[in-house]
Amino acid sequence: MQSFLRWVGLVILETFRLNILLTGGLGYVGSHVAVVLTEAGHQVTILDNLSNCKHAVLDRLTKILGKEPTFIKGDVRETSLVESILKTHSIDSVVHFAGLKSVGESVLDPMLYYNNNLIGAISVLKAMQLCRVKKFVFSSSATVYGSPQYLPIDEMHPLNPESPYGKTKLQIELILRDLVASDSGWKVVALRYFNPVGAHDSGLIGEEPNGTPNNLMPYISQVAIGALKRLKIFGSDYETLDGTGIRDYIHVMDLAEGHQAALEYLSEPSEPLSIINLGTGYGCSVLDLLKLYEIASSRRIPFEVTERRPGDIASCYANADKAFKRMGWKSKRSLKNMCEDSWKWQMSQALKK
Ligand SMILES: NC(=O)c1ccc[n+]([C@@H]2O[C@H](COP(=O)([O-])OP(=O)(O)OC[C@H]3O[C@@H](n4cnc5c(N)ncnc54)[C@H](O)[C@@H]3O)[C@@H](O)[C@H]2O)c1
């Protein structure tokens with residue numbers, strides 16, 4: 001009887017097991033998604049050109065998972081390489097993270113962003129088309145909304161990305177719209193992330209920015225550890241409770257679980273293209289995040305208030321109802337968890353140095 005039940009279990013597992021290609025899967029978000037999907041019983045293959053991550057992430061994933069994920073070093077713009085990976089690994093779904101993500105850098109060098117992000121996405125979709133692999137999850141961004149016209153921001157909010165980076169995300173969404181209209185076989189989910197922060201609770205993987213961080217939490221964590229002197233708060237005269245900017249921070253593991261939900265949603269009868277916010281639905285101010293981080297790290301975090309940055313906005317947070325209605329997903333982890341896990345990751349990094 002027991003062996004029969006084991007056999008039934010294996011058959012069920014095989015039936016629901018997906019072979020998933022994660023482009024950019026050694027990066028911050030992709031590596032956490034690799035953990036969640038592998039632990040859910042799926043087979044992941046990672047393609048990354050290592051332009052914004054370290055090969056060591058593979059070893060850390062191996063430690064967490066107890067087995068090494070399949071990894072191929074290469075560029076998504078090499079369509080024949082993507083095509084051969086899709087065939088060799090019998091891929092049935094692709095999650096496309098690979099891309100450059102710095103708003104400031106994209107303003108200084110737009111062609112770098114159009115080349116990498118747009119050509120990269122077109123190349124992956126072309127390879128998928130050639131191999132008849134038609135399930136696609138895309139890492140989009142809340143930057144496609146531009147300056148909020150109302151809050152919380154739902155998926156019907158007007159689209160007005162202000163940077164070349166944001167424009168590449170919107171342009172890829174528009175390509176996806178045309179693609180699904182041209183061929184009913186495609187099933188696509190574009191996930192508009194708000195502000196992913198935190199790390200896996202093992203402290204083994206997390207966000208590793210090159211140079212001075214652009215984002216708030218990595219900046220705070222580097223001040224807490226002593227690598228940076230003090231946090232610069234850009235403006236304390238916004239129309240918010242404490243005058244500092246409010247954003248929707250989401251734990252990267254919640255975000256990762258959102259990708260699992262999206263892939264499962266693609267396997268059900270669903271609309272050809274779903275565009276879905278991944279956020280918590282709650283805003284947190286810079287000062288509140290700072291205080292929570294001080295508690296998590298048991299350290300004082302010096303800061304100074306400077307001028308507002310051009311283009312910054314007072315508040316931005318998601319309406320996350322659609323993610324729950326369509327995919328049954330909502331965020332579970334608190335801001336306290338985000339700070340604690342980020343600090344654990346920061347400490348483990350410091351120990352390595
Ligand atoms: N982290 C965020 O705050 C955030 C917010 C919204 C959207 N996103 C999007 O989510 C995706 C993942 O973000 P992340 O934070 O993990 O970024 P990341 O830079 O940590 O990861 C991206 C990975 O893609 C790889 N890559 C880049 N170009 C490539 C190419 N041409 N071929 C192969 N690999 C390539 C990089 O080496 C890196 O490992 C990106 O598309 C980003 O724009 C991120």
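**Exercise 1. How much space lies in the second largest pocket, and which residues line this pocket nearest its centre?**

Solution. The model is a predicted one, in which local features need pLDDT of at least 70 and side-chain atom pairs count only at pLDDT 80 or more, while totals for chains, interfaces and linings use all residues. Residues are numbered from 1 along each chain as its sequence is written, and side-chain values use heavy atoms, with hydrogens and water left out.

Step 1. The second largest pocket holds about 340 Å³ of space. A pocket here is an open set of points on a 1 Å grid over the protein atoms alone, where a 1.4 Å probe fits, with protein on both sides within 12 Å along at least five of seven lines, and lining residues have an atom within 4 Å of a point. The volume is the space filled by probe spheres set on the points, which are joined across faces, edges and corners.

Step 2. The lining of this pocket has 21 residues, and those nearest the centre are Glu-207, Pro-209, Gln-222, Gln-346 and Gln-349. Helix H8 (216–225) and helix H12 (335–352) are the elements that give two or more residues to this lining, and H12 provides the largest share, 6 residues. Helices (H or I, at least four residues) and strands (E, at least two) are DSSP runs numbered from the N terminus.

Step 3. By residue class, the lining of the second largest pocket has 9 nonpolar, 7 polar and 5 charged residues, where Ala, Val, Leu, Ile, Met, Phe, Trp, Tyr, Cys and Pro count as nonpolar, Asp, Glu, Lys and Arg as charged, and the others, Gly among them, as polar.

**Exercise 2. Describe how the protein surrounds the ligand.**

Solution. Step 1. The ligand is surrounded by 27 residues, the closest being Asp-48, Asn-52, Phe-97, Lys-101 and Tyr-165; a residue belongs to this shell if one of its heavy atoms lies within 4 Å of the ligand.

Step 1. Helix H2 (28–39), strand E5 (135–141) and helix H7 (164–182) each supply at least two residues of the shell, and E5 gives the most, with 3 residues. The shell divides into 11 nonpolar, 11 polar and 5 charged residues.

**Exercise 3. Which peptide bond is cis, and where is Pro-152 found?**

Solution. Step 1. The bond from Leu-151 to Pro-152 is cis, with omega near -10°, and Pro-152 is found in the loop between E5 and H7.

Step 1. Turning to phi, Leu-50 has a positive value of about 60° although it is not a glycine, and its place is in the loop between strand E2 (43–48) and helix H3 (56–65).
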